Every structure is written in structure tokens, then in C-alpha cells.
Amino acid sequence: MDVVNQLQRQFIDYSASLHREGFLDDQFTQLQKLQDDNSPDFVVEVASLFFEDCEKLINNMARALEQQQGVDFKQVDASVHQLKGSSSSIGAMRVKDVCIAFRSFCEAQNREGCLRCLQQVTHEYSLLKNKLQTLFRLQQQILAAGGSIPVVE
Amino acid sequence: MESCNCIEPQWPPDDLLMKYQYISDFFIALAYFSIPLELIYFVKKSAVFPYRWVLVQFGAFIVLCGATHLINLWTFTVHSRTVASVMTTAKVLTAAVSCITALMLVHIIPDLLSVKTRELFLKNKAAELDREMGLIRTQEETGRHVRMLTHEIRSTLDRHTILKTTLVELGRTLALEECALWMPTRTGLELQLSYTLRQQNPVGYTVPIHHPVINQVFSSNRAVKISPNCPVARLRPAGKYMPGEVVAVRVPLLHLSNFHINDWPELSTKRYALMVLMLPSDSARQWHVHELELVEVVADQVAVALSHAAILEESMRARDLLMEQNVALDLARREAETAIRARNDFLAVMNHEMRTPMHAIIALSSLLQETELTPEQRLMVETILKSSNLLATLINDVLDLSRLEDGSLQLDLGTFNLYAVFREVLNLIKPIASVKKLHVSLTLAPDLPEYAIGDEKRLMQTILNIVGNAVKFSKEGSISITAFVAKLDTLRDSKAPEFLPVLSDNHFYLRVQVKDSGSGINPLDIPKLFTKFAQNQSTGTRNSGGSGLGLAICKRFVNLMEGHIWIESEGLGKGCTAILIVKLGMAERVNESKLPYMPKMPTNHGQTAFPGLKVLVMDENGVSRMVTKGLLLHLGCDVTMVGSSDECLRLVSHEHKVVFMDICVPGIDSYGITIRIHEKFTKRHERPLLVALTGNTDKVKKENCMRAGMDGLILKPVSLDKMRSVLTDLLEHRVFFEAI
């Protein structure tokens with residue numbers, strides 16, 4: 001079982017680093033706790049849903065902010081609100097923080113600020129997506145090697 | 001002789017007599033003819049002559065006489081018979097008329113004479129009337145002067161103007177040489193020269209008031225003539241001339257208190273001023289009666305005017321004083337407000353600033369306690385923990401007290417278990433008591449209701465404080481706690497006169513007595529006990545460790561609960577009894593009523609799963625919907641998911657026990673849904689519990705939720721444990737509002 005142990009340790013370290021760097025917070029841990037025999041792919045499902053949602057919302061916001069005449073800040077704000085809700089539900093801390101800043105720019109109707117935040121959100125989202133995909137790959141490897149996913153407190 | 005028409009015949013020398021006769025006759029005739037002409041002329045001129053026919057008669061008589069004389073002119077020379085007959089006729093007529101006239105004149109002349117006497121009489125009368133007219137005019141003039149003077153005096157409310165005007169006008173009206181006013185001094189023993197007419201600045205010349213002359217003047221309300229040698233009249237530089245007459249009159253100085261509603265001012269006013277008027281010297285003028293009357297009237301008017309002026313001055317002064325006081329009060333109030341605001345700000349800041357480090361210390365110390373420590377280290381950590389807990393309590397106490405003083409503290413009323421409160425107190429105090437080997441007993445009266453409505457936390461704090469004090473100050477012996485419902489007679493014998501218990505149907509008074517056998521308190525110190533920061537220096541043990549705030553806070557809580565607290569002690573060494581009476585509401589039976597969730601009290605995590613519990617989750621956000629679903633599935637619930645309010649209303653049924661709604665999405669009217677669900681399910685037990693899920697909230701939102709009819713509010717993110725305890729509490733108490 002050396003491979004399994006190694007993989008498990010890798011998994012734990014990677015998870016810890018994600019938490020340390022602020023990509024994920026406590027909420028993600030809670031989600032992991034919800035995964036059980038009844039819903040073995042719970043976390044993956046939630047994450048995929050999150051990525052779909054994110055892409056759709058980012059596109060919406062980009063389109064709204066590109067309007068040369070009269071940006072509809074209300075629409076942008078609604079999208080940011082949704083994104084914030086989703087990211088806090090999944091535990092994506094950095095994305096959530098950018099959303100908070102994004103919202104204040106929307107309230108101030110600052111187009112430049114909003115565009116900057118949109119860039120940041122897109123950046124954070126792609127980073128997170130990569131990291132989570134790596135994490136899930138590790139999980140798959142552990143399961144394939146016959147081990148069980150360690151619970152990270 | 002031949003008659004010729006020439007007027008100037010040649011006269012023989014013995015006709016000289018004849019010539020003279022001739023000339024005289026001629027002139028007589030002329031005169032006789034001109035007299036009636038004159039008469040007619042003048043009578044025509046004058047309108048009034050009653051005796052016209054007399055005039056005619058007289059005229060006729062004179063004309064005839066003249067005619068006679070005229071005809072006589074022709075008789076000097078030889079004349080014809082015609083002339084003679086004409087002459088005779090004329091003479092006869094003349095005789096007749098003159099006789100008649102003579103007879104008439106007998107009647108007329110007396111008449112004429114009487115007219116003359118009447119005329120004389122009328123002339124005398126006219127002279128008399130003229131005299132009287134003159135007198136009346138003088139009086140009217142005087143009256144006019146008085147009115148003018150009065151008008152002048154009364155047209156101003158300034159005292160100095162009044163007096164000055166009086167003197168000036170009097171001086172002018174009466175042509176006085178000098179006019180002076182003497183006012184009584186403050187002591188009332190002297191008269192001081194206050195105003196004069198001619199001397200511009202009267203020096204403070206005083207005269208003692210008890211002078212016979214002055215007394216004489218003061219005793220009568222008339223103007224009295226006084227001697228020019230009197231001290232009050234010696235105002236002019238002594239000269240060689242004869243001083244004019246002097247008159248003095250009193251001017252009553254009226255005070256406000258002299259005017260009663262129905263009476264005129266009493267004449268027993270003691271204060272008078274003296275007005276002295278001097279006629280010019282060397283003028284031989286005398287004081288006339290009307291002048292004296294004028295002076296008296298003026299003196300009265302001046303008195304009234306002065307009192308008005310005095311009243312006005314008084315009221316102006318009072319008003320100025322009030323305005324000053326107002327300004328000062330306003331300033332003081334603003335200062336006080338600023339001070340209070342500053343204090344509140346300070347407290348708010350210190351609240352946070354003090355609590356944060358305290359929190360860190362306590363948290364870290366307790367964590368440290370969990371690790372491996374040597375016994376000495378453990379002792380040190382325990383001491384740190386105890387001290388910091390004490391400090392935290394002190395901070396809370398101070399903040400509580402200041403809020404209490406403001407009156408901004410409000411009781412958190414709720415239904416609670418009274419028996420549980422006492423049991424809790426007992427549990428908390430037992431360890432300490434057993435260490436000190438004190439025996440604690442609790443007696444609850446059988447008629448004490450189990451549930452009551454009041455502020456549980458503060459009631460417990462108060463009782464704990466009192467019991468704690470009892471334990472603290474007793475070295476040995478026993479402590480007994482008794483609680484019962486106070487009856488009216490026991491209420492009345494409480495030691496405070498201002499404590500007025502009012503019994504009503506849904507309230508009762510709880511009386512708690514804590515008796516200890518400890519060191520007791522000197523009865524003289526008892527009033528100081530409830531004042532804050534006042535420590536009891538006379539007790540032997542100084543290690544009380546309290547700040548002196550505890551009892552003060554208790555008293556304020558008890559006051560808020562409309563009760564009373566006091567301590568009785570027979571003296572040092574004889575123990576003491578603390579008695580507490582508070583007003584609590586009667587609670588109904590507990591089945592239906594909502595019990596508020598007390599986050600401090602330990603809850604039982606009874607259930608770890610809720611098999612088959614039908615739950616509806618409404619959330620627009622797909623991700624968070626999934627997360628919530630996952631949570632609930634993990635706990636074994638049967639979850640239905642909806643993404644919009646219409647779906648929610650369509651799918652909700654009485655089988656669902658709980659509905660979780662996300663309310664932080666703008667555009668969803670969660671309150672509207674709540675109301676519609678209430679309408680849909682009229683029976684309480686059929687309706688599902690409505691819980692709001694939200695990512696951020698504040699007190700206002702929470703209140704809105706409660707008001708809309710929601711049964712609960714939870715903050716996202718929700719952990720598994722939190723969801724578990726929330727569901728447990730919800731199903732047990734049917735209400736769960738997370739503390740904001």
C-alpha cells in the first residue's frame with residue numbers, strides 16, 4: 001500500500017496548501033464531509049456545477065460591461081451577487097473576495113473598476129479550476145489504487 | 001312898502017334889530033329843516049329804533065316850526081294877506097303838533113330813561129360774566145396743563161424720564177423757580193435729593209426723615225405750604241432776596257403688593273417721596289388754590305406712573321434673568337449631551353478594544369490549558385484564566401452599568417422556567433460553597449409557578465450575585481435560599497416608601513430571601529451598599545475581590561423589573577438577609593407558546609439524523625441549492641428543490657415540515673411568499689416551518705423576517721453540525737433565530 005499512502009499524503013499536502021493559499025476555506029471541508037456512500041461524487045458534482053455557473057456568469061458580465069452606451073450596472077450586480085453566492089457555497093474564498101470588491105465597484109458605477117475586477121475574477125476562477133481538477137485527479141488515482149480518500153480536518 | 005325878492009335889500013339903520021331877527025329866523029329855519037333830515041338819515045342808518053312814529057311826530061313838529069320861522073321872514077316887511085294866512089296856518093299846526101308831542105313825550109321819556117338803566121345793568125352783567133369767563137378759562141388752562149403733564153408722565157415707562165418730565169412741566173406750568181424731589185433711602189431713615197429742576201447734578205444731599213415739617217406733609221394728602229427755611233427747601237444759594245413761597249406735597253411710592261384685587265391700595269404704605277415746589281423769589285406771587293390742586297393731582301399721577309415703571313422694570317429684569325438662565329441651561333444641556341456622546345463613543349470603542357484582547361487572552365489560555373503542562377505551569381495558566389475571566393466580567397459589568405444608567409437597557413422578556421433558574425444558581429454556587437464547607441439549601445414554595453415571563457438572564461444574574469455575596473461573606477455556617485409568591489401584606493412591609501406594588505391578573509411578585517450566617521453588616525452601612533463603587537471597608541475580610549458594582553447593577557435590574565431589593569442585618573457577626581422582590585408575568589401553559597432559543601444554555605444534540613423529514617429548499621443559486629440539498633440529504637431528510645417562488649408555492653404541501661428560503665437574492669419577495677404560505681395553511685400544525693437562509697443580514701432584516709411570520713433565520717455558510725442543531729431546535733421549539 002505504499003503507493004496509496006504516498007498518494008494519500010500527496011492529497012493531504014495538496015489540500016492543505018490549497019487551504020493555506022486561500023483558494024479554499026472551511027466550507028469546502030464541509031462539502032467533503034457530505035460525501036458519503038449515498039452520494040460518492042457529491043463534491044465533483046458541486047464543483048462542475050460551480051464551473052458551469054461561473055462561466056455563464058462571467059460571460060454575462062463581460063457582455064454587459066462591453067456595452068459602449070450605458071452599462072447596465074444592475075444586471076452586472078445581479079450576476080456578481082450570484083457568483084458570490086455560489087463561490088461562498090462551495091468555499092472558493094478568493095473568488096468570493098474578488099466578488100465583494102466587484103460589488104462595491106458596481107454600486108459606484110465605476111466601469112473601469114468593474115472591468116478590472118472581471119479580469120481578476122476570470123483569473124482566480126481559472127486558477128481554482130486548475131487546482132480543483134488536479135485535486136480530483138489525485139482523488140481518482142487514490143480510488144483507482146484501492147485506497148480511500150483521507151478526511152482533512 | 002314894496003316886497004322885493006332880493007335877499008339883500010337896503011337896510012335903514014334902525015332896521016338893524018330887524019336884520020338880526022331876520023338872519024336868526026333864517027338860521028333857525030335852516031336848523032329846523034336840517035334836524036329832521038339828520039334824524040331821518042341816522043334812523044335810517046340804525047336798525048333799532050322803536051319809536052318811529054314819535055320821530056315822525058317830532059319831525060313834523062320841527063318842520064312846522066321851521067316853516068313858521070321861515071314864513072316869519074316874509075313878515076318883516078309888508079306882506080300880503082296870503083302870507084299872513086299861511087303864517088297863521090303854520091303856527092296853528094305847529095301849536096297842535098307841539099302840544100301833541102309834548103303830551104307824547106310825557107310817556108316816552110321815562111321809557112327812554114329806563115332803557116338807559118337796563119343798558120347799564122346789562123353792562124354790569126357782561127362785566128361779571130367776563131370775570132367769570134376769565135376764571136373758568138384759567139381753570140381750564142390748569143386742567144389742560146394737568147392733562148398734558150399726566151400724558152407726558154404716563155407716556156413713558158422710564159422712571160427717570162417720568163420724574164424729570166414732571167419737574168420740568170410743573171416748573172413751566174407754574175413758573176417755578178425750583179422744583180425738587182426727595183426720595184427715601186433704602187434704610188428709610190433719610191430723604192435723599194434725587195431730582196431737581198435747575199441744578200443739573202444733585203449731590204447726594206440727605207435729610208433725616210423724622211422732621212416735624214416732613215411728618216406734617218406726609219400725614220396729609222394735600223399740598224402744604226412750608227417755610228422756606230425748612231431743610232428740604234434750602235436749595236437755593238442764600239441771598240439777600242426774599243425767598244418765594246414753598247409748597248411741599250407727598251408722593252406715595254406704591255409697591256406691587258399694595259394692589260389687591262378688590263381693594264384700592266391701602267393707605268398704610270409707609271414710603272413716600274417728597275416733592276418741593278418754590279415760587280420765584282421777589283415775585284410777590286402767592287400760591288393759588290387751583291395751583292395747589294394741580295400739584296396734588298400731579299403728585300398722584302406721578303405715584304401711579306412710578307409704580308407702573310417699577311413693575312415694568314421688575315418684569316424686564318425677571319425676563320432677562322430667565323433668558324440668561326435659559327441660555328445657561330441650554331449650554332449645560334449641550335455640554336451634558338456632548339459628554340454623554342463622548343462617553344458612549346468611548347464605551348463603544350473600549351467595548352470592542354477591550355474585548356478583543358480579552359478574547360484572545362481567554363481563548364489562548366484555555367487552549368494552553370488543553371496542552372501538556374507541568375503542575376506549576378498549569379497553576380499559572382489557571383490563574384491567568386481566572387483573572388482574565390474576572391476582568392472580562394468587570395468589563396461587561398461596567399458596560400452594563402453605563403447602559404443601565406442611560407436607561408438604554410431594556411429587559412429581554414421571554415418565557416422561562418423559574419425552577420430551572422434556581423437550580424442553575426444552586427449548581428453554580430455549590431462548588432464554592434462546598435469548598436468553604438457552607439451548607440446551601442433551596443426552598444421553593446409550592447405555589448410558585450413553574451414558568452414565568454421576564455428577563456431570565458438578568459434575573460439569574462441578580463440572584464447569583466446575591467447568593468454569591470452571601471457565600472463570599474460567610475466563613476462558616478449555612479446559606480438558605482427561599483422563594484415564594486409575595487402576598488400583598490408582605491409586600492407592604494418592605495422598607496421602601498416609594499415601592500408601590502400593584503397587583504394585577506397576569507403578574508405576580510416573586511420574593512426571594514437569601515439568609516446567611518456570615519459576618520453581617522453594620523446597619524449604618526446598609527444604605528451605602530447599593531451605591532456603586534462604594535466598598536464596605538468595615539468588613540474584616542478585604543479579599544472580597546468585587547469592584548462594588550455588583551449590588552448596584554442588581555438594584556438597577558430589579559428596578560427595571562419594577563421590584564425592590566434590600567438587605568437586613570442585625571449587626572456585625574450576626575449574618576444578614578438579602579430580600580428581593582420582582583414583578584414577573586404569569587406564563588400560560590407551555591405547549592403552544594414559543595420558548596426563545598438561549599444560545600448560552602447547553603442544548604442536547606439529540607438527533608443525529610432526521611429520517612424521512614420532508615423539507616423544501618428554495619434557492620435561485622444552483623450551487624448553493626445543491627450544497628444545501630447535500631447537507632440535508634446527509635442528515636437523512638427527504639429534500640425537494642425549487643428554484644423560484646412560484647414553484648415553491650406550487651409544490652409546498654402540509655407534508656413538508658420545514659421550508660428553507662434564500663432571501664438574500666434581490667428580486668425574490670420572500671416576505672410575500674411567507675405571507676402567502678401563511679394564508680395557504682391556516683392551521684398552525686399543518687403549516688411548515690419557514691426558515692430564511694441568508695448570507696448577510698442585520699437586525700433590521702431579522703426583525704422583518706420575524707414580522708413577516710418566518711419561524712427562523714440562519715446565516716450562510718451552514719456547516720453540518722450547525723444544520724443538525726438547527727433542525728433539532730426547530731423541531732423541538734418550532735423557532736430558531738440565529739443571534740446576529
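## Cavity lining, salt bridges and cysteines

Helix α12(B) gives the largest share of the lining of the largest cavity, namely 4 residues, where helices (H or I, at least four residues) are DSSP runs numbered from the N terminus. This is a predicted model, in which local features need pLDDT of at least 70 and side-chain atom pairs count only at pLDDT 80 or more, while totals for chains, interfaces and linings use all residues. Residues are numbered from 1 along each chain as its sequence is written, chains are lettered from A in the order in which they are written, and side-chain values use heavy atoms, with hydrogens and water left out.

**Cavities**

- A cavity is a set of points, on a 1 Å grid over the protein atoms alone, where a 1.4 Å probe fits but cannot get out, and its lining residues have an atom within 4 Å of a point.
- Grid points are joined across faces, edges and corners, and a volume is the space filled by probe spheres set on the points.
- By this rule there are 3 cavities of 30 Å³ or more, and the largest cavity has a volume of about 110 Å³.
- Of the 13 residues that line the largest cavity, those closest to its centre are A:Gln27, A:Ser89, B:Lys716, B:Pro717 and B:Val718.
- Two or more lining residues come from each of α4 (73–90) of chain A and α12 (622–634) of chain B.

**Salt bridges**

- Over all chains the count comes to 16 salt bridges, each being a side-chain nitrogen of Lys or Arg within 4 Å of a carboxyl oxygen of Asp or Glu.
- In helix α3 (residues 81–154) of chain B, B:Glu119 and B:Lys123 lie 4 residues apart, about one turn of the helix, and their salt bridge has its closest N and O atoms 3.9 Å apart.
- B:Glu119 is partly exposed at 37% relative accessibility, whereas B:Lys123 is exposed at 53% (buried means under 20% relative accessible area, exposed over 50%, and partly exposed in between, with a 1.4 Å probe and protein chains only).
- In helix α6 (residues 289–370) of chain B, B:Asp330 and B:Arg333 lie 3 residues apart, and their salt bridge has its closest N and O atoms 2.9 Å apart.
- B:Arg333 also meets B:Glu337 in a salt bridge of 3.1 Å, N to O, and shared partners join B:Asp330, B:Arg333, B:Arg334 and B:Glu337 into one network.

**Cysteines**

- The structure holds 0 disulfides over all chains, a disulfide being a pair of cysteine sulfur atoms within 2.5 Å.
- B:Cys179 is buried, with a relative accessible area of 0%, and B:Cys637 is buried at 5%.

Key
On a 1 Å grid over the protein atoms alone, a cavity is a set of points where a 1.4 Å probe fits but cannot get out, and a pocket is an open set with protein on both sides within 12 Å along at least five of seven lines; lining residues have an atom within 4 Å of a point.
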